[in-house]
Amino acid sequence: MSYDNENIFAKIIRGEFGCIKVYEDDHVIAFMDIMPQADGHTLIVPKEAAETLSDLSDDGAAAAIKVVKKIVGAVKVAMDVPAATVMQLNGSEAGQTVPHIHFHVIPGSILGGKPHAREMADQELLKGFADKIIAALG
Ligand code: 5GP
């Protein structure tokens with residue numbers, strides 16, 4: 001399937017739509033999920049125009065996983081949790097709702113947690129978590 005340039009993450013990457021950002025470099029942006037499955041749920045989004053992991057270049061995948069690793073560490077410190085889940089859904093049949101490759105970092109376990117992409121969180125609360133994650137990234 002062809003990449004949809006108007007998907008919401010493409011707009012966030014182009015700066016046309018807002019996000020609560022915790023990290024950005026030339027290849028990757030990371031921001032708070034607006035319908036989090038746990039407090040501190042963060043999304044790591046490669047800037048490359050790719051829908052799924054299979055569409056992403058090897059260099060793009062390498063750049064993304066480095067940031068996923070950083071964010072896992074920061075989220076554990078920031079949210080004071082001993083563990084975090086990395087989730088990555090490929091294709092709508094797998095539950096992917098935004099057609100641009102991204103990784104979820106979710107504090108703790110998703111087993112028995114909040115449902116996926118369902119409940120909007122309070123923006124001020126998300127900003128507070130983002131500040132803690134940014135501080136933990138150093
Ligand atoms: P997927 O289902 O594609 O794996 O995950 C997409 C994620 O993006 C969901 O967890 C959903 O809550 C989140 N999301 C959807 N729209 C927006 C948005 O406009 N801004 C942010 N920050 N997150 C979004």
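Tutor: In this predicted model, the largest pocket has a volume of about 360 Å³. Its lining is made up of 22 residues, of which F9, D33, I34, M35 and L43 are the closest to the centre. Two elements give two or more residues each to this lining, namely α1, spanning 8-13, and β2, spanning 28-32, and the largest share, three residues, comes from α1. Sorted by class, the lining holds 14 nonpolar and seven polar residues, together with one charged residue.

The ligand sits in this largest pocket, and the elements that supply two or more residues to the shell around the ligand are again α1 and β2. That shell counts 18 residues, with M32, D33, T97, H104 and H116 coming nearest to the ligand, and by class it consists of eleven nonpolar, six polar and one charged residues.

Turning to individual polar atoms, a polar backbone atom of M32 is 2.9 Å from a nitrogen atom of the ligand, while an N or O atom in the side chain of D33 is 2.4 Å from a ligand oxygen atom. For I34, a backbone N or O atom lies 3.4 Å from a nitrogen atom of the ligand. As for cover, the ligand has 520 Å² of accessible area on its own, and the protein covers 94% of that area.

Methods:
Residues numbered from 1 in each chain as written. Predicted model: local features only at pLDDT ≥ 70, side-chain atom pairs only at ≥ 80, totals over all residues. Heavy atoms only, no water. 1 Å grid on protein atoms, 1.4 Å probe; cavity = no way out; pocket = protein on both sides within 12 Å on 5 of 7 lines; lining within 4 Å. Points joined across faces, edges and corners; volume = space filled by probe spheres on them. Helix = DSSP H or I, 4+ residues; strand = E, 2+ residues; numbered from the N terminus. Nonpolar A, V, L, I, M, F, W, Y, C, P; charged D, E, K, R; others polar. Near = heavy atom within 4 Å. Polar contact = N/O pair within 3.5 Å; in protein donor to acceptor, adjacent residues only side chain to side chain. Areas by Shrake-Rupley, 256 points an atom, 1.4 Å probe, with all protein chains shown as cover. Sits in = over half its atoms within 2 Å of the grid points.
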